[in-house]
Amino acid sequence: MYICTRGMGESSTASQAIIAGMSGDGGLFDPSVIPRINTQFFEQLVSLKYRQRAVKILQYFLDDFNQEELISSVQAAYNDEKFSSLAIAPVVRVGDIFVLELWHGPTLAFKDMALQLLPQLMAKALVKTGVSDEIVILVATSGDTGKAALEGFKDVQQTRIIVFFPHQGVSEIQQLQMVTQDGSNVTVIAVKGNFDDTQTGVKKIFGNLPLNHQLNQGGIRLSSANSINWGRLVPQIVYYFSAYADLIKKEGLVAGQPVNFVVPTGNFGNILAGYYAKEMGLPVNKLICASNSNNILTEFIRTGQYNRNRDFYKTISPSMDILISSNLERLLFHVSGGHAAAVRQWMNDLNAKATYTVNPDCLAAIQSVFWADWADERQTSQRIQSVYSSRQSLLDPHTAVAWEVYDSYVRSTGDATPTVIVSTASPFKFNESVLAAIKRQNLREVPGGFAALAELSAATGWTVPGQLQALQYKEIRHNYVCGKDEMESIVRQTLGAE
Ligand SMILES: *Cc1c(COP(=O)(O)O)cnc(C)c1O
């Protein structure tokens, strides 16, 4: 069963938690017990393919789904039409470091790992719980999540998706990825405003009770695909196990031997999945939390104080430009021993005073698992450049942040445990900053869009991913631009609730 991190409400099944997304009291759903596995479990995983490994792990958490439902969900999510690697999440060796590549999905970033599966789980959960309403997913995106959610939800029964992005506020490639989106249940709208305006607009729609009531009467429920939904977290646990099984299979790791994972972190979703894997019994020594200049998590893990009274930086690793890491709430719930009242207090403090401090016991529990550091813009670019020139491997800026932090970890601890760097995006997705880094130039000095893709490919000999190359020739299907005050009326129009 799933319980709420703030202690309110009744416990829910996995299906109910996935449909609701968030608990009524503002808290998050969390499994009441984390299942434990043993060493034989890894041995079983070794000979299996990614999809089979996924079913083995998902069944522990989605216990109201039967085998058939899990098998058909993972089949629809992780197949060779959608993923360019048969391994789905391959582990690649670069020198003495292992790199877990999570960007072989349709949108070339790790969000696909979860957003390919979530819609499948949601459609099955609706049938299972007898909910006949249509679920409408509203998304405000700064680039990556919108496209990944569109690809995941397109043509999924009983669902629709409406994505808002800031007009002229995303890269040329990101914009093209969204406005050329196909599917019979998708709507994509540019908003005249920045990302905050767009997100505020979506939050207002979620909070608009008369509108929601009217929609409910017409058999429609609004929902969200952002990373607080349990259905987005659980698929991410799988690849930690899968990576470990691959290390046993190909790299001579002995079942039971500890490894570290280094995770480029923003909303704390990816690394939290690693924490669940460790709590289940995966032999993880340290989870290394890598941040960019928005280093609020580094400070928190070192001091126990979470303080968002600080400047916000726009960086070349934009998917980690975040000051409120929502999923941290789940970690706090666990390390405090399920102390919902304490979690509630910290979250209230965050709201009221923009800061909270956990007690020494919690901090010690956090530090026994996590280690944290951050990389600035110059270090990130230099890391892309140095790994490229010394090892002929091309990193995207998020992965470069992780690599830099790993280096710092080894320097300060001397720890020689085998380590997996979690790689979260294709370098072609962040073509302009990667090109600038390997040419040692300023971002201003390199070309943008398709010219940058071509130049990156020429400079490295790597092929531009087909789905980016094809964007040049795809039909534009969504060219509507609305004012930031028109978002509600767009939703009404789209859903026939005028
Ligand atoms: C979303 C994202 C991250 C951050 O992941 P969290 O789960 O939010 O910590 C890192 N890298 C890339 C490329 C992303 O898209």
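Here are some questions and answers about a predicted model of a protein chain with a ligand.

This is a predicted model, where local features need pLDDT of at least 70, side-chain atom pairs count only at pLDDT 80 or more, and totals for chains, interfaces and linings use all residues. Residues are numbered from 1 along each chain as its sequence is written, and side-chain values use heavy atoms, with hydrogens and water left out.

User: Which residue has a polar backbone atom 2.7 Å from an oxygen atom of the ligand?
Analyst: Polar contacts here are pairs of N or O atoms within 3.5 Å; within protein, one must be able to donate a hydrogen and the other to accept it, and residues adjacent in sequence count only if both atoms are side-chain atoms. Asn 270 puts a backbone N or O atom 2.9 Å from a ligand oxygen, and Ser 319 has a side-chain N or O atom at 3.5 Å from one. The 2.7 Å pair belongs to Gly 266.

User: What share of the ligand's accessible area does the protein cover?
Analyst: Areas come from the Shrake-Rupley method with a 1.4 Å probe, and for residues only the protein chains shown count as cover. On its own, the ligand has 390 Å² of accessible area. The protein's share of cover is 96%.

User: Is Thr 265 buried or exposed?
Analyst: Thr 265 sits in the loop between strand 9 (259-264) and helix 12 (269-280); helices (H or I, at least four residues) and strands (E, at least two) are DSSP runs, numbered from the N terminus. The cut-offs are under 20% relative accessible area for buried and over 50% for exposed, with partly exposed in between (1.4 Å probe, protein chains only). Thr 265 has 4% relative accessibility, so it counts as buried.

User: Which residue's backbone oxygen does the side chain of Thr 265 reach?
Analyst: Contact means heavy atoms within 4.5 Å. Leaving out residues up to four places away in sequence, Thr 265 touches Ile 271, Cys 289, Ala 290, Ser 291, Leu 297 and Met 320. Its side chain also reaches a backbone oxygen at 2.8 Å, that of Val 263.
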